[in-house]
Amino acid sequence: MIYLHIPFCKQKCSYCNFHFSTSLNFKEEMVAALKKEVFLRKDEPQDKNLKSLYFGGGTPSILKVDELKSIIDEVLKYFSFNEDIEITLEANPDDLDQPFLKELAQTEINRLSIGTQSFFNEDLMLMNRAHNAGEAESSIKRAQDFGFENISIDLIYGSPTSNFEIWKENLNKTIALQVPHVSSYALTVEPKTALNQWIKQHKIPAPKEAEQNREFYYMSEFLKDHGFDHYEISNFGKPGFHSKHNSAYWKSHEYLGIGPSAHSYNGSNERSWNIANNKLYIDSLVQNKVPKETEILSEADQFNEMIMIGLRTVWGVDLKVLNERFSEQVLAHLHKEIQFKLEEGILIIENSHLKIPEKHWFMADGIASDLFMVN
Ligand code: SF4
């Protein structure tokens with residue numbers, strides 16, 4: 001699968017620390033550089049038959065449709081598309097107007113991941129989103145009118161501007177809009193963000209973990225009652241609408257990441273990441289060089305990554321795969337570390353898979369890190 005990072009946004013959301021630029025000065029050069037990187041790295045993936053192509057960001061919907069199409073065509077020169085390929089575009093509601101959607105519906109893009117975040121203006125203003133509550137709703141309806149069925153929306157819970165009743169209303173609207181996939185995250189306060197600054201200056205209160213916990217478990221039960229599978233901590237999909245891209249990532253399949261700051265993984269022991277600077281990225285590609293760093297993962301790194309990712313999913317970690325892949329020393333470490341947690345019921349083993357029961361998912365990252373091996 002291929003991930004393409006489009007590093008531009010209209011404005012900076014108050015909670016975001018991703019890599020992007022709000023200046024579109026080098027947009028054309030960036031599109032050319034992305035295509036050049038696809039060409040230069042075309043031989044890296046073992047699997048030339050793509051099951052997923054994912055435009056993430058940043059804000060990929062900031063590109064014109066013919067720019068997106070030209071990138072897809074470049075990929076198609078070197079890879080074939082599986083007949084069930086999922087081609088996702090992350091899109092912000094304010095970009096999904098009629099002309100854009102009309103053109104987009106003519107391309108191979110068959111899935112939209114819409115950055116809705118909330119259907120309430122108070123939340124959207126605090127988050128400094130570029131859209132309002134009306135656009136949050138109308139963009140989904142318009143996309144459906146243009147034939148996009150496979151739609152995911154992002155929702156953020158636990159904002160200081162929200163409360164339990166507002167959160168319930170966000171979920172009710174999601175059901176009313178018949179969206180088949182939801183990715184939902186707690187509002188987190190990252191360093192060097194406006195949100196962090198406002199909290200430090202006591203302009204707004206910090207998000208409350210107990211409230212986020214309550215909203216998370218309510219969402220889980222509510223969406224399951226409405227036919228969704230809770231298949232990863234932050235992801236819910238109706239049958240047939242689970243994200244192929246994310247599922248492959250969680251199952252440790254290889255992926256090629258194109259664009260500034262994008263990460264790649266060869267499916268076993270090698271990970272690389274591109275420079276997180278638009279200008280340096282473009283300059284390097286002009287000289288036919290991919291500006292990336294590569295790391296060979298130690299056995300402990302590979303083990304920790306499998307534990308970290310696997311325990312966040314409904315499938316858990318396949319113990320047979322662990323047994324085949326890791327040394328006696330790693331397996332002895334795992335065996336020792338899980339004993340107490342198995343007795344406590346914080347971990348369970350089902351059909352040779354190590355899992356966290358869903359009622360403990362909110363603590364999954366902490367549980368996983370307890371099992372980590374030190375290099
Ligand atoms: S649109 Fe997405 S990537 Fe861009 S600033 Fe907002 S949250 Fe960050």
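**View 1. Two domains make up the division of the protein chain: domain 1 (2–249) and domain 2 (298–375).** These bounds come from an automatic or database domain assignment. Residues are numbered from 1 along each chain as its sequence is written. Please keep in mind that this is a predicted model, where local features need pLDDT of at least 70, side-chain atom pairs count only at pLDDT 80 or more, and totals for chains, interfaces and linings use all residues.

**View 2. Here is the meeting place of the two domains.** In domain 1, 15 residues are in contact with 11 residues of domain 2, contact being heavy atoms within 4.5 Å. Taken over C-alpha atoms, the centres of domain 1 and domain 2 are separated by 29 Å.

**View 3. The fold of the protein chain holds 14 helices and 15 strands.** Both are DSSP runs numbered from the N terminus: helices are H or I with at least four residues, strands are E with at least two. With a radius of gyration of 21 Å, close to the 21 Å that the globule rule gives for 375 residues, the protein chain is therefore as compact as a globular protein of that length. That radius is taken over C-alpha atoms, and the rule is 2.2 Å times the number of residues to the power 0.38. The C-alpha trace spans about 60 × 50 × 45 Å along its principal axes.

**View 4. Now for the interior: 52% of the 375 residues in the protein chain are buried.** Buried means under 20% relative accessible area (1.4 Å probe, protein chains only). Among contacts with a separation of 6 or more, 70% come from residues 24 or more positions apart.

Definitions and conventions
Heavy atoms only, no water. Buried < 20%, exposed > 50% of the residue type's maximum accessible area, 1.4 Å probe, protein only.
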